[in-house]
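Hi,

Here is the structure I promised to pass on. Have a look at it first, and then read on for what turned up in it.

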Amino acid sequence: MAKRTSRKSRGIVITDLIALVLVILTFVGVFFVVYQHQSTQEALAKEGVVIHIEAKQWAFSPDEIVVKKGQKVTLVITSRDVTHGFMLSAFDINEVINPGSEVIVTFIPDKTGTFEFRCSVYCGEPWPGSGMGHWVMRGYLKVIEG
Ligand SMILES: [Cu+2]
């Protein structure tokens with residue numbers, strides 16, 4: 001009788017230990033994932049500025065960006081609807097932005113001024129020949145003294 005009781009309680013202890021280890025491993029795993037994500041973001045932030053740009057018919061959001069000369073700029077560009085382009089000729093940038101994927105562009109502006117960026121992939125217009133829609137889809141990058 002005494003033996004049976006002791007075997008039962010040992011079984012419970014082992015099950016509890018396994019459960020405890022699983023809980024601890026889960027917490028450690030979640031902490032690790034969060035920590036990794038934060039350190040990547042911090043590393044990018046330390047190196048420069050990260051700007052998210054969303055393209056949609058027929059505008060960029062934001063359509064005005066201000067950065068400092070000599071500071072590393074990382075653009076994370078996405079499209080909400082159809083395929084667009086992102087062309088910033090002053091810095092030799094021209095990318096195709098497909099919906100559902102991120103395009104990451106990194107550059108260091110070496111001159112001050114206001115530079116236009118525009119859509120470089122035809123993405124439609126309100127009616128044919130309107131000269132609107134895609135044709136006026138643009139924004140401005142302002143580079144100020146750092
Ligand atoms: Cu377009």
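You'll find aspartate 92 in the loop between β5 and β6. Its phi is also worth a look, being near 55°, a positive value in a residue other than glycine. For background, most residues other than glycine have a negative phi, and most peptide bonds are trans.

Please keep in mind that this is a predicted model.

Now the overall layout. The chain has one helix and nine strands, and the order along the sequence is α-β-β-β-β-β-β-β-β-β. Of the 146 residues in the chain, 15% are buried. If you take the contacts between residues at least 6 apart in sequence, 63% of them join residues at least 24 apart.

Next, the open sheet. Four strands form it, in the order β2-β1-β4-β7, with mixed pairing. Because β2 (59-61) and β7 (103-107) stand at the edges with a single partner strand each, one side of each is left without a neighbour in the sheet. On average, neighbouring strands here are turned by 25° against each other, direction ignored.

Going through this sheet pair by pair:

- β1 and β2 are antiparallel and share three bridges. A hairpin of two residues links β1 to β2, and glutamate 54 has serine 61 in β2 as its bridge partner.
- β1 and β4 run parallel, joined by eight bridges. Here isoleucine 51 stands opposite leucine 75 in β4.
- β4 and β7 run antiparallel, with five bridges between them. Leucine 75 turns up again, this time opposite valine 105 in β7.

One runs from glutamine 57 to tryptophan 58, with omega near 0°, and tryptophan 58 sits in the loop between β1 and β2. The other joins serine 61 and proline 62, with omega about 0°; proline 62 belongs to the loop between β2 and β3.

Then there is β9, which pairs with two strands named here. Strand β3 (residues 64-68) runs parallel to β9 and is joined to it by five bridges, with isoleucine 65 opposite leucine 141. Strand β8 (residues 113-118) runs antiparallel to β9, with six bridges, and there glutamate 116 stands opposite tyrosine 140.

Which residues of β9 are on its covered face, and which on the uncovered one? Gly139, Leu141 and Val143 make up the covered face, while Arg138, Tyr140, Lys142 and Ile144 make up the uncovered one. As a general point, side chains in a regular strand alternate between the two faces of the sheet.

Leaving aside its neighbours within four places in sequence, it is in contact with Ile65, Val67, Leu88, Phe115 and Phe117.

In soluble globular proteins generally, nonpolar side chains tend to be buried together.

One last stop: valine 96, in strand β6 (residues 93-97). Is valine 96 partly exposed or buried? With 14 other C-beta atoms within 10 Å, valine 96 is partly exposed. Apart from its neighbours within four places in sequence, valine 96 is in contact with Thr83, Gly85 and Val121. Its C-alpha atom is separated by 9.0 Å from that of cysteine 119, a residue 23 places away along the chain.

Happy browsing!

Terms used: Residues are numbered from 1 along each chain as its sequence is written. This is a predicted model: local features need pLDDT of at least 70, side-chain atom pairs count only at pLDDT 80 or more; totals for chains, interfaces and linings use all residues. A residue is buried if 20 or more other C-beta atoms lie within 10 Å of its own, exposed if 12 or fewer, and partly exposed in between; C-beta atoms are placed from the backbone. Two residues are in contact if their C-beta atoms, placed from the backbone, lie within 7 Å. Two strands pair if DSSP finds at least two bridges between them. Axes are lines fitted to C-alpha atoms, for helices over the stretch in contact, and angles run from 0 to 180 degrees between N-to-C directions.
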